[in-house]
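Open the model in your viewer and keep the selection tool at hand. We will go stop by stop.

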Amino acid sequence: MKRAIKLILLALALIFIIAPEWPDLSDEEYQLEQIIGQHQFNFVTWEVAAISQKVEAALARGHQSLPDEQRNKIVTDYLTLMYQVGQLEAEVESVYVDPDVADPLAETAVSRTNLADLRQQMAALQPLAEAVLQDQVSVVLAEEGFAVANQTWPPVMMKMTPLPLVLIVSPREAVERLYGYALEAGYPVADREILETAVFNQLDRSAIVVPIGGMGSYPSMIKETANINWLMTVIAHEWTHHWLSLNPLGIVYLESPQLRTINETVASIVGDEAGAMVIERFYPEFAPPPPAPVEETTENDAPIAPK
């Protein structure tokens, strides 16, 4: 009997030692996480999904047998949808910041439905459009000498996506950041306002949801844009960071502000030049006009200085 009691006591002790600690329900961070729920941005999940999509697209190779004109049309059609999405999102956001609109949720119902339809069309076209963009940038980089066994290395991989947002929580009486939580990309404007209000009402804290500055990733996380010139520049810029990360300059990126500046300068130079080359080769109709020639002044042309 005594042995049985000892075993029971030992088992109970192990349960208390091994069992996870119960959360403190009054803890402010715990309450914030409950308010946010499943809307926190999960970088690992995003990374796995992005890589899976890229592998599927690479295996399908559906774009490689298409003529250049059709490949280009896939990209321009995708960017046209992107433009329409941007216009609608701007309309919805303008309603939510208009103090004269009593019920922004009802006011934007039609726009949000149209927005969801456009997003669905974009999602269907996105893997193919991104595969074409990656190939076009890769061709130029390989021709410029960034190739191993005739393959650009590391491979150009990117994913256009709404950037994650960040919820910033601060005291009501002071400008001070207490907490910051990354939120899922594409978090709707209506839900952002609901979230900010919930933090205010439940925790008596000020809260605002703002875009995040950016995140390093592979594939590159590229901000959604309908500007094809900017897009090509950014794809090449971010690829340069991937290339540098395999070389001494990129490996020491975080060691000093000066090294970060050098890295960013190199990426900007490569991005600008390679991006422009991609446009000139595949989308010449979108190439910006050449700068006006600067007239050289000679000594005789210079204005006469007063004596």
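Select P219. This proline sits in the loop between β6 and β7 (220-223). The model is a predicted one. Most peptide bonds are trans.

Next, select P154. Its place is the loop between β2 (151-152) and β3. Here the peptide bond from W153 to P154 is cis, and omega is near -5 degrees.

Step back to A149 and N150. A149 belongs to the loop between β1 (147-148) and β2, and N150 lies in the loop between β1 and β2. Check the backbone angles. A149 is not a glycine, yet its phi is positive, about 55 degrees. N150 is not a glycine either, and its phi is positive at about 65 degrees. Most residues other than glycine have a negative phi. Are these residues buried or exposed? A149 has a relative accessible area of 74%, so it is exposed. N150 has 78%, so it is exposed too.

Now select T161, in strand β3 (residues 158-161). Buried or exposed? Its relative accessibility is 7%, so T161 counts as buried. Show what surrounds T161. Leaving aside residues up to four places away in sequence, T161 touches W46, A185, M221, I222, K223 and E224.

Move on to the sheet. Select β5, β4 and β6. They form an open sheet of three strands in the order β5-β4-β6, with antiparallel pairing. β5 and β6 are the edge strands, each pairing on one side only. From one strand to the next, the twist averages 20 degrees. Strands of a sheet pair through backbone hydrogen bonds.

Zoom in on β4 (residues 165-170). Five of its six residues are buried, so β4 is largely enclosed by the rest of the structure. How many bridges join β4 to β5? Five bridges link β4 with β5 (residues 179-183), and these strands run antiparallel. Find V169, which stands opposite Y179 in β5. Then turn to the other partner. Six bridges join β4 to β6 (residues 206-211), again antiparallel. L167 stands opposite V209 in β6. I168 stands opposite I208 in β6.

Helix α2 (residues 28-36) touches β4 and β5. The direction of α2 makes about 25 degrees with that of β5. Helix α7 also packs on the sheet, touching β4, β5 and β6. The direction of α7 makes about 155 degrees with that of β6.

The axes of α4 and α7 come within 10 Å and cross at roughly 30 degrees. The two helices are therefore roughly parallel to each other. Which residues make the contact? From α4 come V92, E93 and Y96; from α7 come V189, A190, R192 and E193. The residues of this contact divide into four nonpolar, no polar and three charged.

Finally, zoom out to the whole chain. Its secondary structure comes to ten helices and seven strands. Of its 307 residues, 33% count as buried. The accessible surface is about 19,400 Å², and 59% of that belongs to carbon and sulfur atoms. Among contacts between residues at least 6 apart in sequence, 73% join residues at least 24 apart.

Definitions and conventions:
Residues numbered from 1 in each chain as written. Predicted model: local features only at pLDDT ≥ 70, side-chain atom pairs only at ≥ 80, totals over all residues. Heavy atoms only, no water. Helix = DSSP H or I, 4+ residues; strand = E, 2+ residues; numbered from the N terminus. Buried < 20%, exposed > 50% of the residue type's maximum accessible area, 1.4 Å probe, protein only. Contact = heavy atoms within 4.5 Å. Areas by Shrake-Rupley, 256 points an atom, 1.4 Å probe, with all protein chains shown as cover. Pairing = 2+ DSSP bridges. Axes fitted to C-alpha atoms, helices over the stretch in contact; angles between N-to-C directions. Parallel < 35°, antiparallel > 145°, perpendicular 65-115°, else oblique. Nonpolar A, V, L, I, M, F, W, Y, C, P; charged D, E, K, R; others polar.
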